[in-house]
Amino acid sequence: GSQPSPRQQASWQSQIQSRVARHMQRARIQGRHSGLSVTVRVTVSGNGAILSSALAGSSGDAQIDSTLARHAASLPQLPAPPSGQQTSLAIPVRIR
């Protein structure tokens, strides 16, 4: 197939980033944890199905990590990559 342009790829990545960030910010975390940063590693199939999504690294708090890991695992389907190829991304998320 034809390769997507760098702009198509960048636009897709920013869509993925904002969807994953919105999803992760809905996690119910006990206590106040403003400015918490985590990375979610996502593998998306050629048609946008989530093949895997997991927390990469730790927030430093095991309880928060397990809440966020469960939340990461429940990501809904995402837009398909412009290449139509399976793609993995590491997405930094700030939990406000």
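The legends below describe close-up views of a predicted model. Local features need pLDDT of at least 70 and side-chain atom pairs count only at pLDDT 80 or more, whereas totals for chains, interfaces and linings use all residues. Residues are numbered from 1 along each chain as its sequence is written, and side-chain values use heavy atoms, with hydrogens and water left out.

**View 1. Threonine 87 in strand S3 (residues 87–95).** Strands are DSSP runs of E with at least two residues, and helices are runs of H or I with at least four, numbered from the N terminus. Threonine 87 counts as buried because its relative accessibility is 14%, where buried means under 20% relative accessible area (1.4 Å probe, protein chains only). Its side chain reaches the backbone oxygen of glutamine 85 at 2.9 Å. Leaving aside residues up to four places away in sequence, threonine 87 touches Trp12, Val42, Thr43, Val44 and Pro81, contact meaning heavy atoms within 4.5 Å.

View 2. Valine 40 stands opposite isoleucine 91 in S3 and opposite leucine 55 in S2.

**View 3. The turn of the S1–S2 hairpin.** Between the two strands lie 5 residues, and glycine 48 in the turn has a positive phi of about 100°.

**View 4. Surroundings of leucine 68.** Not counting residues up to four places away in sequence, leucine 68 touches Met24, Ala27, Ile29, Leu36, Val38, Leu55 and Ile95.

Terms used
Buried < 20%, exposed > 50% of the residue type's maximum accessible area, 1.4 Å probe, protein only. Polar contact = N/O pair within 3.5 Å; in protein donor to acceptor, adjacent residues only side chain to side chain. Pairing = 2+ DSSP bridges.
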